[in-house]
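Thanks for coming, everyone. Have the sequence and the model open while I talk. I'll go through a helix, then the ligand site, then a few loop residues.

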Amino acid sequence: MRIGFIGLGNMGGHMAMNVIAGGHDVVVHDIRREAAERHLAAGARWAATPRGASEDREIVFTSLPGPAEVEQVALGEGGVLAGASPGTIYVDLSTNSPTLMRRIHEEFAGEDVAVLDAPVSGGSKGAELATLAVMVGGPEDAYERAKPVLDLIGDKVSYIGPSGAGAIAKLVHNLITISARVIVGEALTLGVKAGVDPEALLEAVQNGSFGQGNLIHRTVPNIVYQGAYDNVGFALDLSLKDLRLALELAGEFDVPIALGAVAEAEVAEAVDAGLGPLDSSASIILQERRSGVELRAADAIRSWQDDG
Ligand code: NAD
């Protein structure tokens with residue numbers, strides 16, 4: 001198929017490579033031209049604008065930081081809507097506002113361009129290995145047409161519901177995982193300061209009923225226990241954006257989110273302290289400083305997979 005791919009960062013860079021490897025005709029764009037080097041070497045063509053990456057394309061993907069960039073790239077001058085033709089499908093893979101995606105869906109419908117919100121989960125390693133979960137909202141017929149290409153970027157592609165449903169599912173997922181990092185930081189510093197060896201403590205938690213996920217099995221041993229917060233799969237800045245989008249959604253639907261609000265305050269304080277460019281687990285650094293406990297155990301390292 002003829003594909004446009006806009007946004008070649010930690011996630012988009014790998015996803016676009018997998019689409020190219022699937023044998024499609026791909027045009028790429030990013031505000032950082034250098035991000036496209038490996039894609040051009042693999043046979044993709046460069047477009048100087050999002051519009052250029054959308055002209056004569058059957059599917060156009062974006063993987064951008066958040067709502068501000070998606071709104072500009074989709075609807076702005078020289079954007080996707082300006083380049084897309086009737087019948088094109090526009091798929092946003094970013095973690096984004098469902099309300100914005102519904103507005104984009106409405107505006108694109110006027111030009112007969114279908115819109116899918118299709119945020120992903122599984123981290124940059126999952127993007128590289130094409131093992132992402134892809135949570136899709138939008139018209140079901142467009143989902144069916146886009147599915148063979150979505151299957152190239154993830155092995156858990158699922159239709160969630162009408163426009164915005166994929167974005168909502170992803171915000172719910174990240175409200176859980178990002179808030180969990182805060183309590184995991186508190187709990188582990190407590191255990192270590194109370195006298196338990198960090199590696200033995202981790203093994204105990206991993207063996208318990210909470211310990212099945214990536215946060216405990218991979219993020220803690222590979223990043224936190226190594227002090228390797230600069231090994232960024234998913235930036236803390238982006239996790240603050242996601243928590244705020246979840247709280248905004250909760251406000252819109254009048255759902256109390258007390259613990260999520262605590263997590264937001266914690267992550268905001270970490271970002272204010274200059275930790276935003278580090279990995280999303282870097283909110284734990286605040287807790288390490290406050291408790292006077294550095295969670296470190298160099299030998300705890302495990303096979304790699306982050307959980308963004
Ligand atoms: P990133 O910052 O590494 O990549 C974003 C890319 O968009 C960059 O290459 C940047 O140059 C480009 N960009 C920014 N503004 C642009 C514009 N106006 N026009 C064209 N290109 C522009 O971010 P990422 O980690 O790849 O995340 C992308 C999206 O996926 C975010 O919404 C994030 O929340 C979500 N996500 C990330 C992870 C993860 O583990 N990193 C996991 C799941 C979902």
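Start with helix α1, residues 12-21. This helix is mostly covered, with eight of its ten residues buried. Buried means under 20% relative accessible area, exposed means over 50%, and partly exposed is in between, using a 1.4 Å probe and protein chains only. Helices here are DSSP runs of H or I with at least four residues, strands are runs of E with at least two, and both are numbered from the N terminus.

Before I go on, a word on the source. This is a predicted model, where local features need pLDDT of at least 70, side-chain atom pairs count only at pLDDT 80 or more, and totals for chains, interfaces and linings use all residues. Residues are numbered from 1 along each chain as its sequence is written, and side-chain values use heavy atoms, with hydrogens and water left out.

Which residues of α1 are buried? They are Gly12, Gly13, His14, Met15, Ala16, Asn18, Val19 and Ile20. After α1 comes glycine 23, with a positive phi near 90°.

Now the loop ahead of that helix. Asparagine 10 sits between β1 (2-6) and α1. Asparagine 10 is partly exposed, at 44% relative accessible area. In sequence, asparagine 10 and valine 255 are 245 residues apart; in space, their C-alpha atoms are 32 Å apart.

Asparagine 10 also takes us to the ligand. One of its backbone N or O atoms lies 2.9 Å from a ligand oxygen. A polar contact is a pair of N or O atoms within 3.5 Å; within protein, one must be able to donate a hydrogen and the other to accept it, and residues adjacent in sequence count only if both atoms are side-chain atoms. Proline 65 has a polar backbone atom 2.9 Å from an oxygen atom of the ligand. For threonine 95, a backbone N or O atom is 3.0 Å from a ligand oxygen.

How much of the ligand's accessible area does the protein cover? It covers 91% of the 840 Å² that the ligand has on its own. Those areas come from the Shrake-Rupley method with a 1.4 Å probe; for residues, only the protein chains shown count as cover.

Next, the shell. There are 26 residues around the ligand, and Met11, Asp30, Arg32, Leu64 and Gly233 come nearest. Near means that a heavy atom of the residue lies within 4 Å of the molecule or strand. The largest share, three residues, comes from α3.

**Loop residues**

Look at aspartate 112, in the loop between α5 (98-109) and β6 (114-117). Its phi is positive, about 60°, although it is not a glycine. Most residues other than glycine have a negative phi. Aspartate 112 is exposed, at 52% relative accessibility.

Aspartate 254 is in the loop between α11 and α12 (258-275). Here phi is positive too, about 55°, and again this is not a glycine. Is aspartate 254 buried or exposed? Aspartate 254 is exposed, with 70% relative accessible area.

Last one: alanine 298, in the segment after α13 (283-291). Alanine 298 is exposed, at 56%. Alanine 298 and glutamate 199 are 99 residues apart in sequence, yet 9.0 Å apart C-alpha to C-alpha.
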